Amino acid sequence: MLRLFSKILKTGVITERCKTPKNDELEQLGIEIKRRIDKKFSGSIAIREVDAGSCNGCELEIHALNNPYYDIERFGIHFVASPRHADVLLVTGPVSRHMQTALLRTYEATPNPKWVVAVGDCAVCGGEFGVSYASCGAVSNVIPVDVTIPGCPPTPLALMKGLLGLIKA
Amino acid sequence: MNACWTIEFLNRLSTDITVAQSEAASTTIWQIESRHWQRFAELASQCQVRWVAGWAEHLDARFLVNACFENAGVYIVLRTAISCATPELPSQATVYPAANRSERHTQDMFGIHFIGHPDKRRWTRHQAWDKHSYPLRKDFPVHGKPQDITPPDMDYPFIKSHGAGVYEIPVGPVHAGIIEPGHFRFQAVGELILNLEERLGYVHKGIEKIAEGRAPEALARLAGRVSGDTTVGHCWAACRAMEQAAGIEIPVRASLLRGILAERERIANHLGDIGALCNDVAFVFAQMQFTRLREGWLRGNASYFGHRLLMDRIIPGGVACDVSDSACSLIKQEIVQLRAELSELVPALDLNSSLEDRFYTAGLLSTEIAAAFGTLGYVGRASGQNFDVRRDAAYPPYTQVRVRVPVEAQGDIASRFWVRYKEINASLHLIEDFIDLLAAGDIRAEWQTPQADSESLGIVEGWRGEITAYIRFGSDNKIARYYPRDPSILNWPALEKLVLNNIVPDFPVCNKSLNGSYSGNDL
């Protein structure tokens, strides 16, 4: 147990701090996001992530938002387990035809008001997969999309910028 | 059997089966009559030959059906031709359970009937195309004839169970975490799992179909997105196959850089998953520490190679980016730091009684079952399957170094956990070795248009295990057929076995300890 505490103390807080944001893009972004979330969403938005056919690359970068470097929860953004608890659907992938109904049902299960963010080139425009017998292409071909975050995959910083765009919209 | 198993095995076959041998671009092809398809499998199985992959191809009025086999690091492709008028041949799945889903995939995509297959149900097909259409036949248009809204796959006949206190838990396709979609159907009594059935195919994106007609660079990009966490592995396998087919040898420096990229990918995934495994048993300390290490490692990828996940770094003929000497010394410093971090963290994990309690004896996969299913990578190696392409069928740059392959026989989650930790250490050594071997030189060989019909099988060890990529070129430098076999295709069935008699709440950690790719499986 002592080992744990000593490692925790030694690691310290590596999350880039909010007080000296001058040169740090992440911090400036975070503070801006936090301000708007506080104002519009009483301090918190809940995101449900839906992989509608992604290669899993986008998921890896969305995961990274929760690591101690980005620690996105400190800005009031958290990921929830059910669309019924969500304000925002973060959708990745070209929508595979086999996931089309599942995505529609997830969308219907999300209470209003709700926003959809299409994450990654595939979700934005079909990407490397496009439209085929197996793929519906972009998310907007299946459900209405409010904000797009391109990239293959978008970096965690790009994801945060995109979420800020949503809150501003 | 030794490396000459093929000669001995051919002698053994000669009384029953006539084999026409041919060599095509680093790939040995054995052609037999379709009626011997199953008999061949029986004889191969008796000689402990491993079933590796199965795929088909539509050429004019016939189908070529292929199955790849391996023993002692020597691979052969078994092939038979059947007419489109009577597309059937005996199943190998009765002999090799590993061939089960692969044959069902071939059945769904080509309409080839495997006689005597133990499972008559569809696999890759849900409701996006009808029962009598086959997407990989040449007359099937790439756009198909989809409905406006593809209906859900409601009537898939899952295995049922009855009895007092037995209940079912359907999970997915949309899961609670930030993970890929798939369906799991549990039958349980109380908390105990009686049976698990996987229903995958939700992220089927038509990769094999949209690969047709691509130029080599475009195919490499697609291969890099078969499974986003294995972008280096799949891209390398596809490029290796294309280079072999075109008769291109890549520069030494390019192969060393590919080695560095592949080992960096392995380490990034192992770091992330070791943390995630601990998180699945509520040990958040380790999750936070390992995601921290992973993030540092990915930032290294971005600064040395220009992409956090290393996508599109490997291209036909070589690599897209070079590293400077100063970057090499930074990479070496980074390795020293990572070792120091791990030497502090790992004893803390090792001494943690709650991890011990949850990992040991949970999710047991016996060596027998692992062998029967042809289980690959760290899942196989934690269950006594002592195989690694980098060592046993070495390819550049692994031919220049000693590859250490950690193997355990315990077969539980703890075993998979420790094999992966040991693989991190082995990969760190490899990166150091590759950097030491780097000498000035080209990083890309000039591409040569391969002859029409040239084909090859590219085989590499991805972080999940052996990846095979089959490529056939058509005319004008265009791809006629691409079939990538992700290790997950062989590892997923092992999950159905290793969760038995575990409790439902341990399913996430059992699943994570195997960590199959949905995308790589569904194609």
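**Note on a predicted two-chain model**

1. Arg308(B) is buried, its relative accessible area being 8%. The model under review is a predicted one. Arg308(B) sits in the loop that runs between helix H8 (284–305) and strand E11 (314–315) of chain B. Its side chain is joined to that of Glu295(B) by a polar contact of 2.9 Å. Once neighbours within four places in sequence are set aside, the contacts of Arg308(B) include Glu61(A), Ala64(A), Tyr70(A), Thr155(A) and Pro156(A) from chain A, and Glu295(B), Leu298(B), Arg299(B), Asn301(B) and Ala302(B) from chain B. Because its relative accessible area of 8% lies under the 20% limit, Arg308(B) is placed in the buried class.

2. The interface between the two chains may be considered next. The size of an interface is often given as the accessible area lost when the parts come together. Between chain A and chain B the buried area is about 4800 Å², and carbon and sulfur atoms give 62% of that area. In chain A, the residues that lose the most area to chain B are His98(A), Glu128(A) and Tyr133(A), which together account for 19% of what that side buries. Chain A brings 52 residues to the contact, and chain B brings 68 residues.

3. Six salt bridges are counted between chain A and chain B. One of the pairs is formed by Lys7(A) and Glu344(B), whose closest N and O atoms are 2.6 Å apart. On the side of chain A that touches chain B, at least two residues each come from helix H1 (2–11), strand E1 (45–51), helix H3 (57–64) and helix H4 (100–109). H3(A) gives the most to that side, with seven residues. By class, the side of chain A that touches chain B has 25 nonpolar, 15 polar and 12 charged residues.

4. Helix H4 of chain A deserves a separate remark. This helix is mostly covered, as seven of its 10 residues are buried. The buried residues in H4(A) are Gln100(A), Thr101(A), Ala102(A), Leu103(A), Leu104(A), Thr106(A) and Ala109(A). Their cover includes E1 and strand E3 (88–92) of chain A.

5. The peptide bond from Asn112(A) to Pro113(A) is cis, with omega near -5°, and Pro113(A) is found in the loop between H4 and strand E4 (115–119). The peptide bond from Cys152(A) to Pro153(A) is also cis, with omega near -20°; Pro153(A) lies in the loop between strand E5 (147–149) and helix H6 (156–168).

6. For Asp71(A) phi is near 40°. Asp71(A) belongs to the loop between H3 and strand E2 (77–79) and counts as partly exposed, at 27% relative accessibility.

7. Chain B is divided by its domain assignment into domain 1 (5–115), domain 2 (166–199) and domain 3 (207–522). Taken over C-alpha atoms, the centres of domain 1 and domain 2 of chain B are separated by 34 Å.

8. Thr18(B), in the loop between helix H1 (5–13) and strand E1 (20–24) of chain B, is exposed, with a relative accessible area of 64%. Apart from neighbours within four places in sequence, Thr18(B) is in contact with Gln31(B) and Ile32(B). Thr28(B), in strand E2 (residues 27–31) of chain B, is buried, with a relative accessible area of 18%. The side chain of Thr28(B) makes a polar contact of 2.9 Å with the side chain of Glu23(B). Beyond four places in sequence, the contacts of Thr28(B) include Gln21(B), Ser22(B), Tyr75(B), Ile76(B) and Val77(B).

9. Tyr421(B) is located in helix H14 (residues 413–437) of chain B and counts as buried, at 16% relative accessibility. Not counting residues up to four places away in sequence, Tyr421(B) touches Ile274(B), Leu342(B) and Val346(B). The C-alpha atoms of Tyr421(B) and Pro97(B) are separated by 30 Å, and the two residues are 324 residues apart along the chain.

How values were computed: Residues are numbered from 1 along each chain as its sequence is written. Chains are lettered from A and ligands numbered from 1 in the order in which they are written. This is a predicted model: local features need pLDDT of at least 70, side-chain atom pairs count only at pLDDT 80 or more; totals for chains, interfaces and linings use all residues. Side-chain values use heavy atoms; hydrogens and water are left out. Helices (H or I, at least four residues) and strands (E, at least two) are DSSP runs, numbered from the N terminus. Buried means under 20% relative accessible area, exposed over 50%, partly exposed in between (1.4 Å probe, protein chains only). A polar contact is a pair of N or O atoms within 3.5 Å; within protein, one must be able to donate a hydrogen and the other to accept it, and residues adjacent in sequence count only if both atoms are side-chain atoms. Contact means heavy atoms within 4.5 Å. Buried area is the accessible area (1.4 Å probe) that two parts lose on being put together, summed over both. A salt bridge is a side-chain nitrogen of Lys or Arg within 4 Å of a carboxyl oxygen of Asp or Glu. Ala, Val, Leu, Ile, Met, Phe, Trp, Tyr, Cys and Pro count as nonpolar, Asp, Glu, Lys and Arg as charged, and the others, Gly among them, as polar. Domain bounds come from an automatic or database domain assignment.
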